[in-house]
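Biologist: I have a structure open on my screen and I would like to learn how to read it. Could you take me through some of its features?

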Amino acid sequence: MSITPIPPHTPTPTPPNESSKPRDNNTPLTLKTKVSLVLALIGLSITLVMTNLTIKNYETHLTTAEEVLLELAPVDPRSLMQGDYMALNYAIAEPIMAAIEAQEVAKGNLDYVETLYNISQDGSVIIKKDAQGVGHFVRLAQHSDSGDEPLAQDEMLLQYRIRHGQLKIATNAFFFQEGQAEAFEQAKYGMFRINEQGKPLLTDMVDKRFKVIEPKKVQSQQIDNGA
Amino acid sequence: MTRPSTSPIPSTYSTSQTSRNVVDGRTWYRFFTRFTSITSATALVLALIFFIAYNWMYMGKMGKFGLVEGALTLSILGYALLAYRGIYPFAQQLLLLMASVITGGLLALVGQVYQTGADSWQLFFAWAVFIIPWVLIARLPALWLLWLGLINFSFMLYSEAGGFWFANAAYSSLLYLIIITAINSLALILALKFADKLTDKEVRHGPTSSIETEDPEVKTITETITLPLHWSVYVVGAMVVYFATRLGLYPILNFSSLLSTVLAFGAWLAVMGFFYGRFRKKQIDLLMLTLLSGSVIIVLMVIATQYIAPYLGDLALFALAFMLIALSASAVNWLRKLNTDVKQLSVSRDGSKNQTEINVDSSNSFEDLEDLESFDDLEDFNNSQTVDNTEAIKAPITATTPWYLQLFLGLSGLLSGALITGFLVVLLNTALRDTPIKLILSVLLLFISWVLFNPHFFRRFSTVAAANNREKSHTFSSSLAFALSLSAQAFLGAVLFESFDTSAIRVSIFMLVQVLLFAIIQDSLHRFFSAFIALGCLVWLLSYYQLPELSAAVLALVATVTSLPIAKLPFSKPPKRLHFTQQPWLSTLIKPLNYASTVMLLMVSVLFIAAEHTQYIVGVATEFTYNYPLAQTLLVAVCLYAAHLILSHYQLKLTSKTGRLIGLSIICLGIVSVYVSGILATSLVIIMAVANQNKTLLGLGISALVGYVFWYYYQLDSSLLMKSGSLMAVALVLFAIRKLLNREHFVHSSLLRLYPTSSPADKSNDDVTKEEELP
């Protein structure tokens, strides 16, 4: 019943490429297909293994490392909230930058000081926790290897990165669920987990009464997810 | 079943084919299967990405990781299954593309959950590294582009973050530019190498070989002149030119040592030389040569501004404008001459074997479906356009000027118009305070430009050769006229602003002026510009009078009417006189209007439709509302009308079964995307572009769709969770449409009964059934 007229100028369909034909169960796979399959699966396993190892490392870090609070400094009073993340700056940045500048001046490195606000470098400082667990700047670390740095009992290392003159500790943005900006406006401190090497991870925002901020809507569900 | 309603098609099929270029069913089928599968896959991945970005707290972090890793594993396993069974080659590529994008999402999720704040170049670099195996096996240009983009982006971030190569601030930006130009040039050279290999293979072993190798002449022509490159190669080419231009500008804009000057300038010259050698000597590629000319002109202009202009005083701006117009006009003349040379060669080829050409074309489209490239519809249009060349040459010559040359002229006209305006302001500064003087000046400028546009007014309908000559010798005068007219309009705008108090009156008068100019001035670029501004004014006015819902529908209606000729229903009767829309004087009016309305429609739906933006544009303080369902209903109505127009070319009514199916799917899409109103409008644009085989508008529509996604992400009307959900719905609906399409196609396909094992990708030859499926 179906009329299938073939327009006069249309040639008979050319047989499609080999690759598009369903493979018979008896014919062996071509080399190309084999290589593709192997590569695809290798790519998948590498990606998954690497990612999950990273996740595991971070999880270990979060459970074992020491909790430290760092005071926040307002970045830009007009637009602290940007969509679903909050831009952060830390009060500890100021003494660190001043110490770096002083150190370079002492060394007579005046060129360096001039470009201080355009440099990028990584380094560590030594901080000390007070009674509330807030970290305060003590001095710059003098050794590039974190193991060599002599530390007093209550002192700890903290890694920092300077990018274009701006000091970053872990991240300078705190992500949260869209629409919960209001709750995080109370933030006064950032809570970090800092490990032996001084590597920080930002976990929570803390208000001025040293309480971890948990948006009301999800408070009950937060227990397993927090910290 | 539906046979009765569609049975008259075979007879009209051939007549319509000869009288007007009606796209055949095969093209539609191929387009729809491709389009629906690509968009539904993309929407699915985006739904996942948006969901991650929503950062939902109810879902613990392990749940999120599980979700994303599960999606990644599923898509790779899906690929492995399909590749193992050797079916759906295109779906295999899409799955690899999806996996590659999801990998990025996974890495971003790690960064988001642990708030590590690692330098962002690390994320993009890791992303690029992880997907290498999939990029290699997919052989998909879009995926290669993604990869190259990631490499570029991570390198850019790396240099910004001050990696150790860039510790020395003095030369870091030069070093960055040189390295990134080198990376992209390498990519371009490799892409060209592969393209060469592919064309060689096609000429020798391709399915078309039986026809082409018989005739050595054809072979040499295809080899020496041009096989259009894949669109991705143009993207890479544009990237190379962009970075090379920045290199060329580096020594001019920065005070630098002799060494760095020589280095930067030498690198720029080398890239330019490479482009000239490759795309002028070895083969002719106009788009690449346009990029080359653009780069040269930019560098020359900046040199002139820095080193010559300071000595000219007040005249500087005028001299610069004059120089810009002269440079771009001569570049365009050169490119146009190359274009007509190429066209003439291929026309002579067409004339001798028209029949073979059609054969080549249709067998190409067979091969295309199996082809391992994503949007080679574009290429296919290119192929089919060689068929039209004979007609194209007869049409007014402006119609054959490629879009990028028009864009090039338009940009240089805008810039020089601004320079001329600046010059006049400097020259007449105090006199210009009077409104009447400004009015007189703008009228005078408009008159001059009108005269410049029409020096050969009375010889308009002359032979092709004369028209060619005219076009050639007057590129300069018409560019100058364009710039002058723009400057006149700037003054006119100032006059209107001063004379009237309410902005509604200002805008309406300006719109009337634009309509008048649109009617008077016959240059198609100028017409496009006038139509664009006039429609912009219309949109503004509609928002001002609280009717923003109308704007998209009105624009869509204009675009529909101008792009789809209204076919009288007894179409089989050959029209006695030229069809209304085929009148030459009208087509010069309608084409620019079509382009302008389409661009404006895309802009409105992509950028401005959110209530926040409209309010911003109009600047009204009163309460502003945008009724999404109402706007969508109007747009659906226009889409149905467009479907009716397209169907009438195939002797189908909207009330037939096919028509009802199409109508239903339009309405479904409309309902699903109520708050995503851009999707319907962009789909309309894309479909009309396919119906007209207009690859410029098709490209525009597709890039609008991409841009639209970005806008959608940042728009704050609805939460990301809702956006994710709606994208998911769109993906599912599109996937369902695709499945339906395939099923219907198979039910009616006679070939299926012959080869019951054939996969959907196997082309059948059934034109009639495919015509049924053009929703």
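Modeller: Gladly! Keep in mind that this is a predicted model. Let us begin with a pair of helices: the crossing of α12(B) and α13(B) is left-handed.

Biologist: At what angle do α12 and α13 of chain B pack, and how far apart are their axes?

Modeller: Helix α12 (residues 231-253) and helix α13 (residues 258-282) of chain B pack at about 150°, and their axes are 8 Å apart.

Biologist: Which residues make the contact between α12(B) and α13(B)?

Modeller: From α12(B), they include B:V240, B:A244 and B:L247. Among those from α13(B) are B:A264, B:F265 and B:W268. By type, the residues of this contact divide into ten nonpolar, three polar and no charged.

Biologist: What does the secondary structure of chain B come to?

Modeller: Chain B has 33 helices and zero strands. Of its 775 residues, 43% are buried. Taking contacts in chain B with a separation of 6 or more, 77% are between residues 24 or more positions apart.

Biologist: How many residues are in the largest nonpolar core, and which have the most contacts inside it?

Modeller: That core has 193 residues, and those with the most contacts inside it are B:L96, B:L555, B:A556, B:L601 and B:L635. Helix α3 (residues 25-54) of chain B gives the largest share of this core, 17 residues. A second, separate core has 29 residues, including A:I92, A:V125, A:I169 and A:Y189.

Biologist: If I click on B:L601, what is it in contact with, leaving aside neighbours within four places in sequence?

Modeller: You will find B:A552, B:L555, B:A556, B:A559, B:A681 and B:V685 in contact with B:L601.

Biologist: Now for single residues. Is A:A170 buried or exposed, and why?

Modeller: The general idea is to count neighbours: a residue is buried if 20 or more other C-beta atoms lie within 10 Å of its own, and exposed if 12 or fewer do. A:A170 counts as buried because it has 27 C-beta neighbours inside 10 Å. A:A170 is in the loop between β7 (166-168) and β8 (173-175) of chain A, and it has a positive phi of about 50° although it is not a glycine.

Biologist: And what about phi at B:Y88?

Modeller: B:Y88 is not a glycine either, yet its phi is positive, about 45°. This tyrosine lies in the loop between α4 (61-85) and α5 (89-114) of chain B. B:Y88 counts as buried because 21 C-beta neighbours are inside 10 Å.

Biologist: Why does A:N57 count as exposed?

Modeller: A:N57 has 12 C-beta neighbours inside 10 Å, so it counts as exposed. Its place is in helix α1 (residues 31-64) of chain A.

Biologist: Where is A:S120?

Modeller: Look in the loop between α3 (110-114) and β4 (121-129) of chain A. With 19 other C-beta atoms within 10 Å, A:S120 is partly exposed. A:S120 and A:L167 are 47 residues apart in sequence, and their C-alpha atoms are 9.0 Å apart in space.

Biologist: One last helix: what does α2 of chain A reach from its first C-alpha to its last?

Modeller: Helix α2 (residues 93-107) of chain A has 15 residues and reaches 21 Å, close to the 21 Å expected at 1.5 Å a residue. Just after α2(A), A:G108 takes a positive phi of about 80°.

Conventions:
Residues numbered from 1 in each chain as written. Chains lettered and ligands numbered in written order. Predicted model: local features only at pLDDT ≥ 70, side-chain atom pairs only at ≥ 80, totals over all residues. Helix = DSSP H or I, 4+ residues; strand = E, 2+ residues; numbered from the N terminus. Core = buried A, V, L, I, M, F, W, Y, C linked by C-beta atoms within 7 Å. Contact = placed C-beta atoms within 7 Å. Expected span 1.5 Å × (residues − 1). Axes fitted to C-alpha atoms, helices over the stretch in contact; angles between N-to-C directions. Left-handed = near helix turned anticlockwise from the far one by under 90°. Nonpolar A, V, L, I, M, F, W, Y, C, P; charged D, E, K, R; others polar.
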